Amino acid sequence: MGADYIKPNLEEWLETFGYETYTKVRVCETDLYAHVNNTSYSLYFEQGRADYLEHLGFYEENLMFVVGDIYCRFHSQAYAREELVIKVRTSRFGTKSFTIESVIQRKSTGEVIASNWTNLIIVDSKTKKSIVIPEWVKQRIRDNE
């Protein structure tokens, strides 16, 4: 799939996000040059997903969300102590999984730092087996998008 999820263009794609959360770059997430190490972005995307799923109330249910696929595109650099905005949205439903898209922007300017898509598989927390996405899950996401 690559970066072809950014449609029709970056500016219009950014307008499709309804949920956002915030983080501040910690010094330990940077490298020798004080810019964010590429491995740290997965933590930011995960935090964005976790905050999004919590916002939707899914942590109170008997559901687990397991990453099936993940992709990241780096657009520009972020630096130690910068404030970042993480925007998250659901872009696609499958049978047992759905796709979340995320973008990280510099809070001060709105500049895009990184973007991502992640396929999440829904798993019953009791049986540890993947399940068909319940209709109420889809509806709750649609109502909040």
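1. Let's start with a term: a residue counts as buried under 20% relative accessible area, as exposed over 50%, and as partly exposed in between. Take Phe-93: its relative accessible area is 26%, so Phe-93 is partly exposed. Phe-98, at 0%, counts as buried. Keep in mind that this is a predicted model.

2. Now have a look at the sheet. It is open, with 5 strands in the order E1-E3-E4-E5-E2, and the pairing is antiparallel. Strands E1 (19-24) and E2 (63-74) stand at the edges with a single partner strand each, so one side of each has no neighbour in the sheet. On average, neighbouring strands are turned by 25 degrees against each other, direction ignored.

3. One to find for yourself is Lys-24, whose bridge partner in E3 is Glu-83.

4. Helix H3 (residues 135-144) lies across E2, E3, E4 and E5, at about 135 degrees to E3. Its Val-137, Lys-138 and Ile-141 are buried. These three cover an arc of only 100 degrees around the axis, so they are on the same side of H3. Helix H2 (40-55) is among the elements that cover them.

5. Next, the rings: there are 11 aromatic pairs. Because Phe-65 lies in strand E2 and Phe-98 in strand E4, the pair ties together parts 33 residues apart in sequence. Phe-98 also forms a tilted pair with Phe-93, at 6.3 Å centre to centre.

6. Finally, some charges: the charged end of Arg-89 sits over the ring of Phe-17, and that of Lys-107 over the ring of Tyr-22.

Note on methods. Residues are numbered from 1 along each chain as its sequence is written. This is a predicted model: local features need pLDDT of at least 70, side-chain atom pairs count only at pLDDT 80 or more; totals for chains, interfaces and linings use all residues. Side-chain values use heavy atoms; hydrogens and water are left out. Two strands pair if DSSP finds at least two bridges between them. Helices (H or I, at least four residues) and strands (E, at least two) are DSSP runs, numbered from the N terminus. Axes are lines fitted to C-alpha atoms, for helices over the stretch in contact, and angles run from 0 to 180 degrees between N-to-C directions. Contact means heavy atoms within 4.5 Å. Buried means under 20% relative accessible area, exposed over 50%, partly exposed in between (1.4 Å probe, protein chains only). The arc is that of the directions from the helix axis to the C-beta atoms. Rings of Phe, Tyr and Trp (its six-membered ring) pair if their centres lie within 6.5 Å; planes under 30 degrees apart count as stacked, over 60 as edge-to-face and the rest as tilted. A charge sits over a ring if NZ of Lys or CZ of Arg is within 6 Å of the ring centre and within 35 degrees of the ring normal.
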